[in-house]
Amino acid sequence: MPTVVNRQTKCYHCGEDCEEGKIVLAEKQFCCEGCKTVFQILNENGLCDYYDLNNNPGQSLRVQVRKDKFSFLDDEKIIGQLIQFRNEGQIHITLYLPHIHCSSCLYLLEHLNKINPGVIKTTVNFTRKELSVIFDHKKISLRQLAELLTSIGYEPYISLNNLGGKKPRVPRTLIYQLGVAGFCFANIMLLSFPEYLGLEAAEKHLQYAFRYINLVLALPVLLFSALPFYESAWKSLQHKFLNIDAPIVLAIWVTFFRSVVEVFTDTGGGYFDSFSGIVFFMLIGRVLQDKTYQQLSFERDYTSYFPIAVTVLKEEKEVPTALPDIKPGDTLLIHNEELVPADGILTRGKAFIDYSFVTGESLPVLKEMGEIIYAGGKQTGGNMELLVVKEVSQSYLTKLWNKDEGKITGEKGQSFVHLLSQYFTYIVLAIALATAAYWYFNDQSRLWPAVTAILIIACPCALLLSNSFTNGNILRILSRNKLYLRNAQTIEELAMVNHIVFDKTGTLTTTRQHDIVFEGEPLNGEAIHAIAALAAQSSHPLSKGLVRHLGRNKLTVQAFREETGRGIEGFINGDLYALGSREFITGQANQTGGTRVYIAREGRCLGYFSFKNHYRNDVNHLLGELRGNYPLAVISGDNAAERMSLQQLAGKNTTLLFNQQPHDKLAFISALQENGKKVMMVGDGLNDAIAMQQANVGIAMAEDTNTFTPASDGILESTQLGKLHKFIQLCKANKQIVLASFVMSIVYNIIGLYFAVQGNLSPLIAAILMPSSSLSIILLTYGSSSAVAKWLRL
């Protein structure tokens, strides 16, 4: 008798496991009908080059998107707030597509017009995972466009934050200021060469002309390009604080006016090249720093988490309604896997709410009719109806978020560079006064040239450059390794941390995977397949976890029955199987001792599957590296079922706290700080947000950095958690590099001051020293920080 062997193979579209010969088209194997349909669409439109660029580039479409999910895009009011431009022929819109991940995605999305001629032009921003689309709205509607993208595996993510939201970009004015400074600097340098080389007496009229042209070119730099430094210096003076921009402004103005005096009195050509060069190089540093932050927005709020619209039941009709229009008394229809956007009372169906993002509790909570459900939870059962009792803006989640904002205490610290600049400024002023006093009594004609030359040559622009470029390169290296910091100050804060606190669920553990162990009678292959088939009928997270653990199969389940929150049962191959809680299977009360799913066949309990959180792969190594250098703590909203295993993992000296609410975490961080600790808090959900904002450094873990994360000082992609100790080492190196470059700039200043105090600083010496100083500082900072990163293997 021949034996039939079912072999596993890879889906041609997405690369996931599939059963050979089950779903086939054009001799290609697929895991589901969705993947086959996408291949069919691409094949019919001549876009199969998509598969040549990468192996299995698509996304699995096993989970089908609800048919009318984008019906809210038929609402003109919503459309009007999403699009950027509209006329009679076309609409311009930018959509966020989280599934963009490779060059095949770029190829397919930029050839979208081949699939639907209503699409006029598409442009992909790979870094931001955004698709800019120009389409003919007479041929394809916005809803149809969203459905088209979804059908090929690129479902757009449209959140409440998209309504009128603006994304951070480098200020356009700063770019103009940089451009003006660069243009003027280049031309002034060019026109200054004759001055340096010397002109014949007969060509003096050219010399005068070049000097006055340089003066005219310097005016836009003084009055427009240098404005950011004036604003920064003025603000620091208003707060009675001397930041690094204050002496720079002084140097800019002294350089300019001394140059003007020299031109008008025909005593020299001035220092217009040095003056415009200072402004140009410093603006480059600022633009580079701002560009680093372009990729992410740290000013995210709860609106990024919410959908843009939800289904409201009105006169027995389902009406898509924008969230701001939801009022108390409305009845919402919440589908499986949808978020609850407003506090309400359950009026129909059973709710199984996943509050992991809000409370940190990893398992869903059963809610019966009449119970209140708070915003921020995710329904993991079937459809349910909810009577709204509070508007979205008044919901529990909103209040929790606003409470977070109240905890923001402003600047967490001041950069050591500002402290250095203060001393630097006082030292320069002291040298200038001493020089003035010396020449006042010895040769008053040299007093003015000497004092102004000191202020020109001692400009702390090299210090600012070293700080800006080192920070910029460090931020670039960190972002390349998926750690995105809010600003450069956070680098210094990270380097000073001396106590590290972790959240557990979602931070040290992953929410997408569990460690599952069976305890009871040994199960044969037939029983395992039957249990997997039964579990596949339920959308409960534990059932999904079992399916992932046991594998899918095609066994038929008959007479399936589910009691939400308790268990499921059904006939497989004539035997009645049941999965569920201890009470559902045995009739005995549930016991504490972790998460378990009990199994029964024909009414007889066979044992149970025990679920434990799955710790991320690098956690063991990371905690081992950190606990030798820092006191550690783990605070969790989850129960204490895993205390023993966690203590073993984190070390006996690590503080472990369970069942912690947001205010408990806040109190713990505050207590550490009162004892003089510099605390870093690493968390993931909104329940950690208050503690992260109170901590000296708050790092938010994210499975996907472009989706919602609570306000924090940094966002770390979860796969990079194991590098956290290396990130700290790199940030510590940052200060050493800045100090080294500062020493180098002082050497240049000493050389320049040698000429300046004598009143002999010529424009040529200034023109050589100042660019040389700037360029060598840039090379030192980039080279050193890159070398440290390479040594750390980042």
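Which charged end sits over the ring of Tyr12?

**View 1. A lysine over a tyrosine ring.** It's Lys28: its charged end sits over the ring of Tyr12, 5.2 Å from the centre. (For a charge to count as over a ring, NZ of Lys or CZ of Arg must be within 6 Å of the ring centre and within 35 degrees of the ring normal.) Keep in mind that this is a predicted model, where local features need pLDDT of at least 70, side-chain atom pairs count only at pLDDT 80 or more, and totals for chains, interfaces and linings use all residues. Residues are numbered from 1 along each chain as its sequence is written, and side-chain values use heavy atoms, leaving out hydrogens and water.

**View 2. Tyr12 meets Phe39.** The structure has 18 aromatic pairs (rings of Phe, Tyr and Trp, the last by its six-membered ring, with centres within 6.5 Å; planes under 30 degrees apart are stacked, over 60 edge-to-face, the rest tilted). Here the ring centres of Tyr12 and Phe39 are 5.7 Å apart and the planes meet at 85°, so this pair is edge-to-face. Tyr12 is partly exposed at 27% relative accessible area, while Phe39 is buried at 3% (buried is under 20%, exposed over 50%, partly exposed in between, using a 1.4 Å probe and protein chains only).

View 3. Tyr212 is partly exposed, at 38% relative accessible area, but Phe264 is exposed, at 54%.

**View 4. A group of rings.** Tyr230, Trp253, Phe256, Phe257, Phe272 and Phe275 make up one aromatic cluster.
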